[in-house]
Amino acid sequence: MVESLFPSVHARREGHLRLVVPPLVHEFDVRGIAARLREPALIGAIDALRVGETLSFVDDQDVLPLLRRTAERFGREVEFEFRENTAQRVVIEFSKCRAV
């Protein structure tokens, strides 16, 4: 079995391939946005995600209150995972796992 982003005509015809689609990750860096606008911007960005897409959210402030409100808003529709958590930079990946 061949994995490829650009399968050959022969591989498609013979059925010897599995199309590999890279995950869709959208970077969203809010460090340049006023603090009062960050949460509404994040909510809107997560709302716009399609199932299977991921939003890589970058911030430089305490995000725990924001995560609580985001979890309340989206429930099991969205999963999140910390990728980086330092005093200068926080990176969280939000993934849309199912449509509501």
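Which residues make a nonpolar surface patch of about 260 Å²? The answer is Leu 64, Phe 80 and Phe 82. Patch members have over 30% relative accessible area and no salt bridge, with nonpolar side chains joined within 5 Å. A salt bridge is a side-chain nitrogen of Lys or Arg within 4 Å of a carboxyl oxygen of Asp or Glu. Areas come from the Shrake-Rupley method with a 1.4 Å probe.

The model is predicted: local features need pLDDT of at least 70, side-chain atom pairs count only at pLDDT 80 or more, and totals for chains, interfaces and linings use all residues. Residues are numbered from 1 along each chain, and side-chain values use heavy atoms, without hydrogens and water.

Phe 82 lies in strand S5. Phe 82 is partly exposed at 31% relative accessible area (partly exposed falls between buried, under 20%, and exposed, over 50%).

The sheet is open, with 4 strands in the order S3-S4-S6-S5 and mixed pairing. S3 (25-29) and S5 (78-85) are the edge strands; each has a single partner, so one side of each lacks a neighbour in the sheet. Neighbouring strands are turned by 20° on average, direction ignored. Strands are DSSP runs of at least two residues, helices of at least four. Pairing needs at least two bridges.

S5 and S6 (residues 90-96) run antiparallel, joined by 7 bridges. Glu 79 has Ser 95 in S6 as its bridge partner.

Angles run from 0 to 180 degrees between N-to-C directions of axes fitted to C-alpha atoms.

| Helix | Strands | Angle |
|---|---|---|
| H2 (residues 35-48) | S3, S4 (54-59), S5, S6 | about 165° to S4 |
| H3 (residues 64-74) | S4, S5, S6 | about 165° with S5 |

Key: Contact = heavy atoms within 4.5 Å. Patch = residues over 30% accessible without salt bridge, like charges linked within 9 Å, V, L, I, M, F, W, Y side chains within 5 Å. Buried < 20%, exposed > 50% of the residue type's maximum accessible area, 1.4 Å probe, protein only.
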